[in-house]
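Here is a short report for a first look at this structure. Keep the sequence and the 3D view at hand while reading.

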Amino acid sequence: MVKMPDNVLAAFNDAAAVKVLTSVGDDGQPHSIVCGSIRAVDADTLIVGEILMRNTAKNLKNGGKAALLVVLGKTSFLVDVNIAQRVAEGPMLDSMNEVLKGMGLKAAAVWVFSPTAVFDQSASPAAGTKLA
């Protein structure tokens, strides 16, 4: 596993950022969704609420590959991840749902991910640079 740099954590935790979760199905086909609940807990952990995720949840449950993308203006980072666990009850889910309540949403579970690689995907000459 790798540690995400502070600027990557800040981007994932910025409410103005667009966040995308891409999973891969058994057939090898990528499946991407906009997922505003993605958050960086720390340099080793990203989480996302399972909200209206039919295909994505199926892909993740089957152990498929996944990556998270965050875009904030011209700044963008891609994080390849391993699926650490799915939390369907307890304080982590309760905390996620407390935040989502204000948006009129509710998560069935929280997916926890560990980063395996971090790339700068910004609109700059650094695009494609591996950061971690």
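Contact here means heavy atoms within 4.5 Å. The model is predicted: local features need pLDDT of at least 70, side-chain atom pairs count only at pLDDT 80 or more, and totals for chains, interfaces and linings use all residues. Residues are numbered from 1 along each chain as its sequence is written, and side-chain values use heavy atoms, with hydrogens and water left out.

F12 also belongs to the largest nonpolar core, which has 27 residues. F12, L21, L46 and F113 have the most contacts inside it. Such a core is a set of buried Ala, Val, Leu, Ile, Met, Phe, Trp, Tyr and Cys residues joined through side-chain atoms within 4.5 Å. Buried means under 20% relative accessible area, exposed over 50%, and partly exposed in between (1.4 Å probe, protein chains only). At least two core residues come from each of α1 (6-12), β4 (45-49), α2 (54-61), β5 (66-72), β6 (75-87) and β7 (110-120). Helix α1 gives the largest share, four residues. Helices (H or I, at least four residues) and strands (E, at least two) are DSSP runs, numbered from the N terminus. In soluble globular proteins, nonpolar side chains tend to be buried together.

Another core, of nine residues, lies apart from the largest one. Among its members are I51, V87, M96 and L100.

Which residues of helix α3 (residues 91-101) are buried? They are L93, M96, N97 and L100. Seen down the axis of α3, these buried residues fall within an arc of 95°, so they line one face of the helix. The arc is that of the directions from the helix axis to the C-beta atoms. The face turned away from the buried side carries the exposed residues P91, D94 and E98. The cover over the buried residues of α3 includes β4, β6 and β7.

## S37, a buried loop residue

S37 sits in the loop between β2 (30-34) and β3 (39-42). Is S37 buried or exposed? S37 is buried, with a relative accessible area of 6%. Beyond its neighbours within four places in sequence, S37 is in contact with I47, V48, G49, I51, M96 and L100.

## Two salt bridges

The structure holds two salt bridges. Each is a side-chain nitrogen of Lys or Arg within 4 Å of a carboxyl oxygen of Asp or Glu. One joins the side chains of D44 and K3 (2.9 Å, N to O). D44 is in the loop between β3 and β4, K3 in the segment before α1, and the two are 41 residues apart. D44 is partly exposed at 32% relative accessible area, and K3 is exposed at 55%.

R86 and E50 also meet in a salt bridge through their side chains (2.8 Å, N to O). R86 lies in strand β6 and E50 in the loop between β4 and α2, so this pair ties together parts that are 36 residues apart in sequence. R86 is partly exposed, with a relative accessible area of 34%. E50 counts as buried, at 9% relative accessibility.

## D26 on a loop

D26 is found in the loop between β1 (18-24) and β2. At 68% relative accessibility, D26 counts as exposed. A polar contact of 3.4 Å links the side chains of D26 and N62. Such a contact is a pair of N or O atoms within 3.5 Å; within protein, one must be able to donate a hydrogen and the other to accept it, and residues adjacent in sequence count only if both atoms are side-chain atoms. The C-alpha atoms of D26 and G64 are separated by 7.0 Å, while these residues are 38 residues apart along the chain.
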